[in-house]
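Subject: Structure for you to look at

Hello,

Here is the structure I said I would pass on. Please open it alongside this note; my findings follow below.

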Amino acid sequence: MWQYSLTSKLSAGFLLMVSAIAVLAPWVAPYSYETQDTLQTLAFPSLDHWMGTDRLGRDLLSRMIYGARVSLFIGVFTTLFALLVGTVYGAISAYVGGRTDNLMMRLVDVVFALPDLLMIILITVLMGRGVAGVFVALSLVSWVTVARLVRGEVLRIKEYPYVQAARALGASPTRILVREILPNILGILIVTLSFRIPMAILAESTLSFIGLGIAPPFSSWGTLANDGWTAIKFYPHLILFPSLAIFLTILSFNFLGDGLREVLDPRSSKRRL
Amino acid sequence: MLRFIVRRILLGIPVLVTVATLTFFIMHWVPGGPFDTEKILPPEIKANVEAKYHLDKPVPLQYLLYMKQLFQGDLGPSYKYLGRDVSDIIRDTFPVSFTLGLCAVLVVLGLGVPAGMISAYWQNSLLDRSVLFVAAMGISVPSFVLGAISVWIFSHHWHWLPPALWEGPRHMILPAFALGAGFAGYVARLTRTKVLDVLSSDYIRTARAKGLTEPVIMFKHVLINSIYPIVSVMGPLTAGLITGSFVIEFIFSIPGMGRFFITAVTNRDYPLIMGVTLVYAVLIVIANLVVDMIYGWLDPRVTLK
């Protein structure tokens, strides 16, 4: 079904590779993420250390590989969580309708009005820097977009004759939502997923870059970029590799999203199925 | 028009109150206060300080006290910058952040709109593809990556532009570019789509048929008619630029509000956190209002109510 674009295929390939490396980190990484090679601190890329070493002599490639775990984990799981909560919330709100819908959407409006990056910073710092804090902060602000999207879709689809027919046959609301409506919005949800994962990765790396996200000794790509930033003048490779990893991953997700949208989103004008 | 403005401002008030309330409770929700420093204060002194700032009272009461003070237009004193009021700090740092945001908006429009128009005019050409590719890269590159790399290239390597601080127009170029480039990518794509739309419409064919020159068609007819969707995304975009600016302020050591926000959060400087968050929220509300006004002014079919 994908004669479409080379870029989507390449992106999917790249993302699969990065995920595989992240999952298999202990087996692919040449060193552990905390082993110090004290004779080679701040080394430039060499055969021993393909991406060089940081100021404590830790191998950057290995730290990048372990960092991929953190970055991807946060990106994928906050988005999945937001998608789950947003879908359930939006679907219930739209399906029940009336005053409940009104009330539920007021809450969404409120969360929408918050300056989200500020809230993310606030929550992360207050919850303690770490995977849990970043996870909670990102999830709390990102489910509302999904909720709005799903609500709109469900409102549209629930008026379709086939849904009316199912209701006339006596199907329960849960059954209608799960069996009749959900399959219809699945495409849009998958497209949303591929566009929101890079946003989460971006937010996490930004937080970690300014020193508020993942705390050492654990490191995401953002933390590594922050390490490199302090030494940028003479050791630019230390920030170059993490930046490149973040950039390529986000780029791939965006290309993949573009490709998926053409295939899966009925609202896309370019759809050629 | 006046009624519209007043109405929107009144509608903004509950939003701001909610932002204030949520921020306040999130802030107090987790243990650890502004005076739990590494250097432990003697208990009597700590008790005294906390009594001075009402921190010994239950949180809901503190909230009421704060809101009362807020409605009188007083943001309170900073806990960490002794002797300075939050409003003083904001007065010093706001113009910096605002200028940065404005420069970034110029970058977004100055790069995005022309790129989109060029791309659409020569659709499917090599130029078009290059613009699309660069736009896709721009959307995907985090502003801190762009900032860091451009500092290395233009400051450390070529010594063309200063790497940090905020002392004149030369200091604004790199930060504004780093902040605006990503959004410029969005605007370029958006402009391209809309311009393509307009180019295939009947009135453009009529304009060509009656022999108008291409520049007149492009600027007088196509651009004016393509500008609406761009204006309507400027609201969320400005919000993104405003809240995104703290990373750039961090990278370039710019003394703006964002930097103060970060230190305020780490220090648990409650009034400063509240103050800066509220200023950001007000800015976002105003940005949306202004964008809607421009929209109504540009497009006679839209009535503001």
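Read from the N terminus, the elements of chain B run α-α-α-α-α-α-α-α-α-α-α. That is 11 helices and zero strands. Helices here are DSSP runs of H or I with at least four residues, strands are runs of E with at least two, and both are numbered from the N terminus.

This is a predicted model, where local features need pLDDT of at least 70, side-chain atom pairs count only at pLDDT 80 or more, and totals for chains, interfaces and linings use all residues. Residues are numbered from 1 along each chain as its sequence is written, chains are lettered from A and ligands numbered from 1 in the order written, and side-chain values use heavy atoms, without hydrogens or water.

More on chain B. Its C-alpha atoms fill a box of roughly 85 × 55 × 30 Å along the principal axes. Of its 305 residues, 46% count as buried. Buried means under 20% relative accessible area, exposed over 50%, and partly exposed in between, with a 1.4 Å probe and protein chains only. Residues 24 or more positions apart supply 72% of the chain B contacts with a separation of 6 or more. A contact means heavy atoms within 4.5 Å.

Now chain A. It has 10 helices and zero strands. Its C-alpha box is roughly 75 × 45 × 30 Å, taken along the principal axes. Of its 273 residues, 53% count as buried. For chain A, residues 24 or more positions apart account for 69% of the contacts with a separation of 6 or more.

Next, the cores. The largest nonpolar core has 143 residues, and A:Ile121 and A:Phe209 have the most contacts inside it. Helix 9 (residues 214-251) of chain B gives the largest share of this core, 14 residues. A nonpolar core is a set of buried Ala, Val, Leu, Ile, Met, Phe, Trp, Tyr and Cys residues joined through side-chain atoms within 4.5 Å. Leaving out residues up to four places away in sequence, A:Phe209 touches residues including A:Trp229, A:Ile239, B:Phe144 and B:Phe250.

One last site. A:Ser243 is in helix 10 (residues 237-264) of chain A. Is A:Ser243 buried or exposed? A:Ser243 counts as buried because its relative accessibility is 2%. Its side chain reaches the backbone oxygen of A:Ile239 at 2.7 Å.

Best wishes

Conventions
A polar contact is a pair of N or O atoms within 3.5 Å; within protein, one must be able to donate a hydrogen and the other to accept it, and residues adjacent in sequence count only if both atoms are side-chain atoms.
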